[in-house]
Amino acid sequence: PMNYSEFRDQAQTGDVLLAESSRLGGVLIRVLTGQQASHVALLLWIDGGLWVAEMLSSGYTLSPASERV
């Protein structure tokens, strides 16, 4: 497995991540599709920091990649 430092070194803006949600909608998607992922997220480099952007039912979120990967 790749550690976060290695992941960060290879990450580029526009990379797509498979993501999962524990909210009802995400759980339903995973149950109905039989997959672990319920949606996708996008990696963005902003001012030297790596961020994860995603759209959820509650709206757009942006969080540090170190908290998500």
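Trainee: Which residues form a nonpolar patch on the surface, and with about how much accessible area together?

Mentor: Bear in mind that this is a predicted model. The patch consists of V16, L18, V40 and L42, whose accessible area together is about 390 Å². Two or more of its residues come from each of β1 and β2, and L42 is one that lies in strand β2.

Trainee: What makes them a patch?

Mentor: Patch residues need over 30% relative accessible area, and nonpolar side chains are joined within 5 Å. V16, L18, V40 and L42 are listed as such a patch, so they meet those cut-offs.

Trainee: Why is the contact between R68 and E54 called a salt bridge?

Mentor: Side chains of opposite charge can pair when their charged atoms come close. In this pair the closest N and O atoms are 2.2 Å apart, and the cut-off is 4 Å, so the name applies. The count by this rule is 1 salt bridge.

Trainee: Which residues line the largest pocket?

Mentor: The lining is made up of L17, L18, A19, E20, Q36, A37, A41, V52 and R68. Strand β1 (residues 16-19) gives the largest share, 3 residues. The pocket has a volume of about 170 Å³.

Trainee: What makes a residue part of that lining?

Mentor: An atom within 4 Å of a pocket point is required, so each residue listed there has one. By type, the lining divides into 6 nonpolar, 1 polar and 2 charged residues.

Trainee: Where is A37 found, and what does A37 touch?

Mentor: A37 is in the loop between α2 (24-33) and β2 (39-46). Leaving aside residues up to four places away in sequence, A37 touches L18, A19, E20, I29 and R30. Contact means heavy atoms within 4.5 Å, so each of these partners meets that limit.

Methods. Residues are numbered from 1 along each chain as its sequence is written. This is a predicted model: local features need pLDDT of at least 70, side-chain atom pairs count only at pLDDT 80 or more; totals for chains, interfaces and linings use all residues. Side-chain values use heavy atoms; hydrogens and water are left out. Helices (H or I, at least four residues) and strands (E, at least two) are DSSP runs, numbered from the N terminus. On a 1 Å grid over the protein atoms alone, a cavity is a set of points where a 1.4 Å probe fits but cannot get out, and a pocket is an open set with protein on both sides within 12 Å along at least five of seven lines; lining residues have an atom within 4 Å of a point. Grid points are joined across faces, edges and corners, and a volume is the space filled by probe spheres set on the points. Ala, Val, Leu, Ile, Met, Phe, Trp, Tyr, Cys and Pro count as nonpolar, Asp, Glu, Lys and Arg as charged, and the others, Gly among them, as polar. Patches are made of residues with over 30% relative accessible area and no salt bridge: like charges are joined within 9 Å, nonpolar side chains (Val, Leu, Ile, Met, Phe, Trp, Tyr) within 5 Å. Accessible areas come from the Shrake-Rupley method with a 1.4 Å probe; for residues, only the protein chains shown count as cover. A salt bridge is a side-chain nitrogen of Lys or Arg within 4 Å of a carboxyl oxygen of Asp or Glu.
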